[in-house]
Amino acid sequence: MIIQFISAFMATLFFAIILNIFREELFYCSLIGGFGWIVFLLIKDYSGSIILASFISALMISSLARLLSYLRNLPETNYLIPGIVAIVPGAGMYQTMSAMIYGDLKSMVYYGLQTIQVAGVIAIAVVIISAIKSKRKTAGSGNKY
């Protein structure tokens, strides 16, 4: 499990570097990605469902990104995009295309639908957390409280 965490941490770190995230924020981005991957693995092992594991880990990643954006006063996407990279269904996309190239229609449909479902639940989880009203004051909001 520690090797999995370190791998996800490093993958998120390098992706955050590619995205030009501020140097001071790289550690936080990497922690979010590492913890998101561990939550994914734990839920997948417990429930056996990749879809449920993706949904719960995306909820956690999005929540942590929202919290850090509030605490560090930076955009949420600085933490969300690198953090979510570890759970994006890249292997499913690869397996779908590989099955298509080899003419295995049954596997292609299976992996294709699973990939679409995983991508969908990740998007839904991000939208759910983003829909929660923030208490943060914004410039020009006119609210004193």
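In this predicted model, the largest nonpolar core is made up of 24 residues, and Y79, I84 and I87 have the most contacts inside it. Two or more residues each come from α1 (2-18), α2 (26-47), α3 (50-72), α4 (77-84) and α6 (105-131). The largest share belongs to α2, which puts in six residues. As for Y79, setting aside its neighbours within four places in sequence, the residues in contact with Y79 are E25, Y28, C29, I32, A65, L68, S69, R72 and L74.

Nonpolar side chains turn up on the outside as well. In soluble globular proteins, such side chains tend to be buried together. Here, though, I2, I6, M10, F14 and I17 form a nonpolar patch on the surface, with about 480 Å² of accessible area together. One of them, I2, sits in helix α1 and has a relative accessible area of 64%, so I2 counts as exposed.

Then there are the aromatic rings. The count of aromatic pairs comes to six. Among them is the tilted pair of F5 and F9, at 6.0 Å centre to centre with 40° between the planes. These two residues are four apart in helix α1, so about one helical turn separates F5 from F9. F9 itself is buried, at 16% relative accessible area. F27 and Y28 also pair up: their ring centres are 6.0 Å apart and their planes are at 70°, which makes the pair edge-to-face. Both count as partly exposed, F27 at 48% relative accessibility and Y28 at 28%. Together with F35, the residues F5, F9, F27 and Y28 form one aromatic cluster.

Key. Residues are numbered from 1 along each chain as its sequence is written. This is a predicted model: local features need pLDDT of at least 70, side-chain atom pairs count only at pLDDT 80 or more; totals for chains, interfaces and linings use all residues. Side-chain values use heavy atoms; hydrogens and water are left out. A nonpolar core is a set of buried Ala, Val, Leu, Ile, Met, Phe, Trp, Tyr and Cys residues joined through side-chain atoms within 4.5 Å. Buried means under 20% relative accessible area, exposed over 50%, partly exposed in between (1.4 Å probe, protein chains only). Contact means heavy atoms within 4.5 Å. Patches are made of residues with over 30% relative accessible area and no salt bridge: like charges are joined within 9 Å, nonpolar side chains (Val, Leu, Ile, Met, Phe, Trp, Tyr) within 5 Å. Accessible areas come from the Shrake-Rupley method with a 1.4 Å probe; for residues, only the protein chains shown count as cover. A salt bridge is a side-chain nitrogen of Lys or Arg within 4 Å of a carboxyl oxygen of Asp or Glu. Rings of Phe, Tyr and Trp (its six-membered ring) pair if their centres lie within 6.5 Å; planes under 30 degrees apart count as stacked, over 60 as edge-to-face and the rest as tilted.
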